[in-house]
Amino acid sequence: METENIPSKFSYMGRNFSDLTINDNSTSAFSECNSDISGEFASASAESRQLWLACVATDDQSDDLIPQLISQLNSPSIDYQKQAALEIRLLAKNKPENRLKIAQAGAIKPLISLLSSADSQLQEYGVTAILNLSLCEENKDHIMLFGAVKPLVRVLRTGTPTAKENAACALLRLSQLDENKILIGRSGAIPPLIDLLETGGMRGKKDASTALYSLCSVKENKLRAVESGIMKPLIELMSDIGSPMVDKSAYVLSLLAHLREAKVALVEEGGVPVLVELVEVGSHRQKEIAAAILLQLCEDSVVYRTMVAREGAIPPLVALSQSGTSRAKKKAETLIELLRQPRSGNAAAKDI
């Protein structure tokens with residue numbers, strides 16, 4: 001296994017490091033969020049590389065280093081704060097066992113304070129460190145207790161692209177505790193997440209959609225999302241057949257589609273032809289979820305049934321009822337039966 005050795009002694013900001021080695025593959029031990037992408041070592045300078053190596057020191061060295069780094073977080077020097085936040089994020093990234101140690105040593109509160117910094121790089125380091133610490137289940141309650149949600153939402157609105165992505169991912173991690181979902185929704189996270197879904201890069205869109213999917217498992221946040229305009233970006237993303245965002249967007253939409261407000265917005269934003277196209281040409285998974293959404297749309301509305309039928313949904317639904325998965329076949333058969341029902345009479349009373 002290839003390793004890299006650095007000089008036996010290295011001093012930086014009053015701290016001495018020695019006898020450090022690193023496995024080049026250690027960066028693989030991180031979360032599914034892939035947050036640590038800001039490229040702070042892009043210059044590949046010797047000092048930066050040595051600092052990075054220092055942050056994956058042995059357990060004993062980490063135990064000595066962590067209190068010093070937390071002390072530096074409270075320094076009046078922006079440079080010292082940056083370096084401390086950077087090293088903490090790397091310690092938390094590369095060694096899972098460090099995440100609890102760092103939190104227990106008191107890093108969470110000063111890191112949260114960095115989220116309000118006017119220095120964009122310091123804010124970015126801070127939010128990524130918070131994300132990395134949130135990967136430890138035991139830390140989530142403490143991060144919430146110290147009031148991280150509103151600062152994270154602020155970063156979602158004002159941070160660098162990477163900071164926004166990492167804030168979205170941190171909120172996703174925190175929302176995995178059910179009791180946090182409503183609090184995060186009430187703190188204003190949903191509108192900037194929708195903005196990131198609409199305007200962010202591919203990674204930002206993925207992080208935003210996953211966070212929204214988690215948050216929208218509770219009704220209160222579903223209504224917020226629809227009222228905040230989520231349908232437009234979801235449908236636009238679903239219309240790009242072949243994009244990796246089609247499935248993610250469809251799953252978020254499926255959580256919302258039973259709401260009356262969501263159905264109205266879906267139709268107004270041109271969602272019906274997009275869903276019909278997915279049933280016709282999408283992957284097996286996409287066909288099934290599109291059929292399920294159309295079924296929710298049509299179950300109580302003759303107007304929507306007529307609209308879906310006129311869009312040409314029946315032939316691809318018939319094909320799906322013959323070749324899809326067992327669940328897809330059942331949904332397609334039920335929807336076909338609805339679409340073939342008479343489109344007049346008292347049923348219209350159930351329409352929008």
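**Exercise 1.** Classify Glu236 as buried, partly exposed or exposed, then find its salt-bridge partner.

*Solution.* Start with the accessibility in this predicted model. Glu236 has a relative accessibility of 43%. Buried means under 20% and exposed means over 50%. Glu236 therefore counts as partly exposed. Next, find the partner. Glu236 forms a salt bridge with Lys232, with the closest N and O atoms 2.9 Å apart. Lys232, at 35% relative accessibility, also counts as partly exposed. Now place the pair. Both residues lie in helix α14 (residues 231–238). They are four residues apart, so about one helical turn separates them.

**Exercise 2.** Determine how Arg285 and Asp247 are linked, and where each one sits in the chain.

*Solution.* Take the contact first. The side chains of Arg285 and Asp247 meet in a salt bridge at 3.2 Å, N to O. This pair connects distant parts of the chain, 38 residues apart. Arg285 belongs to helix α18 (residues 284–298), and Asp247 to helix α15 (residues 245–256). Then check accessibility. Arg285 has a relative accessible area of 48%, so it is partly exposed. Asp247 stands at 19%, so it counts as buried.

**Exercise 3.** Locate the salt bridge of Glu220 and Arg224, and explain the spacing of the two residues in their helix.

*Solution.* The two side chains come together at 2.7 Å, N to O. Glu220 and Arg224 share helix α13 (residues 219–227). Being four residues apart, they are separated by about one helical turn. Glu220 is partly exposed, with a relative accessible area of 25%. Arg224 is partly exposed too, at 24%.

**Exercise 4.** State how many salt bridges the structure holds, and name the residues joined into one network by shared partners.

*Solution.* The structure holds 12 salt bridges. Through shared partners, Glu137, Lys140 and Arg173 are joined into one network.

**Exercise 5.** Describe the packing of helix α9 against helix α12: axes, handedness and contact residues.

*Solution.* Begin with the axes. Those of α9 (residues 161–175) and α12 (residues 202–215) come within 9 Å and cross at roughly 25°. Angles under 35 degrees count as roughly parallel, so α9 is roughly parallel to α12. The crossing is left-handed. Turn to the contact residues. On α9 they include Thr162, Glu165, Cys169 and Leu172. On α12 they include Arg203, Asp207, Thr210 and Leu215.

Technical notes
Residues are numbered from 1 along each chain as its sequence is written. This is a predicted model: local features need pLDDT of at least 70, side-chain atom pairs count only at pLDDT 80 or more; totals for chains, interfaces and linings use all residues. Side-chain values use heavy atoms; hydrogens and water are left out. A salt bridge is a side-chain nitrogen of Lys or Arg within 4 Å of a carboxyl oxygen of Asp or Glu. Buried means under 20% relative accessible area, exposed over 50%, partly exposed in between (1.4 Å probe, protein chains only). Axes are lines fitted to C-alpha atoms, for helices over the stretch in contact, and angles run from 0 to 180 degrees between N-to-C directions. Angles under 35 degrees count as roughly parallel, over 145 as roughly antiparallel, 65 to 115 as roughly perpendicular and the rest as oblique. A crossing is left-handed if the near helix is turned anticlockwise from the far one by less than a right angle, and right-handed if clockwise. Contact means heavy atoms within 4.5 Å.
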